[in-house]
Amino acid sequence: MRTNWTGSAGDPVWIRPDWSTDRVRGIFSFREGGVSDAPYQSLNVGYHVGDDAAAVTENRRRCAEKIGATLEDLVVPEQVHGAGVAVVTEAHRGRGSTPAFPPIPGVDGVVSNVPGLTLTIMAADCVPMLFYDATAGVIGAAHSGWRGTVSHISREVLRTMSEAFSSRPEDVDVWLGPSIRRCCYEVDERVAQPVAESFGHGPLLPRHARPGKYLLSLQACIRMDLQSAGVSEEHIHDVGVCTACHTHVLYSHRAEHGRTGRLLGAIRLA
Ligand SMILES: [Zn+2]
């Protein structure tokens, strides 16, 4: 895993995709290094979870700074657990960055080729994903919970990158950020059935002591989708960190019973 994840709860920890180029910068934030109080301590970037808005704004500003951006550069999709993806232009700069500017409505993914625009995604168990095509000079960010995953949002991101910018999946590098993993993600038939219809039973592990319950790997589903769309295995980077296992440094909606913050995935072209 080529990241600076340390697992420590001391100084802020971050995961930075290692793209070995100055043309793009990305980040997945953790809990440390912000100003929010419990239960959002401390780097919560979600306004909608009940946290103090001024604290969230400061936290977002700090996250932006980590990749050389400002708060005003952020572009935030509404995130409705669907598969909609928007092409973002200069006109969208700052959308959703603070409560004064509404987010890009009705989408869970954004793509762009505009330098300086900072595409963001929020998550607390759902899989935050960052996309980079160095050849076409295109970036993307998306959010894939179980609904988005069975709606194939990762393929929709690739399709939108291809349609709008002639990006080819074989040139795209994808990072899957901290998210709930099969160790902790128990689902019932309501989720298992659509997952099995789309991805087979491979990503689902039946719990023998708990009839009708399964442990689900969203990451395995997403990997199948990406590879079927033409992304090569070596271009898929899964940071491998479970949010629910690490609530001392990450936010987990499931493990913290809904009362928690959101981490940020962000990406920008230089
Ligand atoms: Zn876990």
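Mentor: We'll go through a serine, the cysteines, the cores and the salt bridges.

Trainee: What should I know before we start?
Mentor: This is a predicted model, where local features need pLDDT of at least 70, side-chain atom pairs count only at pLDDT 80 or more, and totals for chains, interfaces and linings use all residues. Residues are numbered from 1 along each chain as its sequence is written, and side-chain values use heavy atoms, with hydrogens and water left out.

Trainee: Okay, where is Ser252 found?
Mentor: Ser252 is in the loop between strand E12 (236-238) and strand E13 (263-269). Strands (E, at least two residues) and helices (H or I, at least four) are DSSP runs, numbered from the N terminus.

Trainee: Is Ser252 buried or exposed?
Mentor: Ser252 is buried, with a relative accessible area of 0%. Buried means under 20% relative accessible area, exposed means over 50%, and partly exposed is in between, using a 1.4 Å probe and protein chains only.

Trainee: What does the side chain of Ser252 make a polar contact with?
Mentor: The side chain of Asp125, at 2.8 Å. A polar atom of the Ser252 side chain also lies 3.0 Å from the backbone nitrogen of Ala255. A polar contact is a pair of N or O atoms within 3.5 Å; within protein, one must be able to donate a hydrogen and the other to accept it, and residues adjacent in sequence count only if both atoms are side-chain atoms.

Trainee: And which residues does Ser252 touch?
Mentor: Not counting residues up to four places away in sequence, Ser252 touches Ala124, Asp125, Thr243, Ala244, Thr247 and Thr260. Contact here means heavy atoms within 4.5 Å.

Trainee: Which residues touch the most other members in the largest nonpolar core?
Mentor: That core has 36 residues, and Met129, Phe131, Val157, Val195, Leu204, Leu216 and Leu226 touch the most other members. Among the elements giving two or more residues to this core are strand E6 (127-133), helix H3 (153-165) and helix H5 (218-228). A nonpolar core is a set of buried Ala, Val, Leu, Ile, Met, Phe, Trp, Tyr and Cys residues joined through side-chain atoms within 4.5 Å.

Trainee: Which residues is Val195 in contact with?
Mentor: Leaving aside neighbours within four places in sequence, Val195 contacts Val150, Gly200, Leu204, Leu216 and Cys221. There is also a second, separate core of 29 residues, which includes Trp19, Ile104, Val110 and Leu269.

Trainee: Last one: what's the count of salt bridges?
Mentor: The count comes to 14, where a salt bridge is a side-chain nitrogen of Lys or Arg within 4 Å of a carboxyl oxygen of Asp or Glu. Asp73 pairs with Arg93, their closest N and O atoms being 2.9 Å apart. That pair links distant parts of the chain, 20 residues apart. Asp73 is buried at 11% relative accessibility, while Arg93 is partly exposed at 29%.

Trainee: What about Asp225 and Arg155?
Mentor: Their side chains meet in a salt bridge at 2.9 Å, N to O. Asp225 is in helix H5 and Arg155 in helix H3, 70 residues apart. Asp225 counts as buried at 3% relative accessibility, and Arg155 is partly exposed at 33%.
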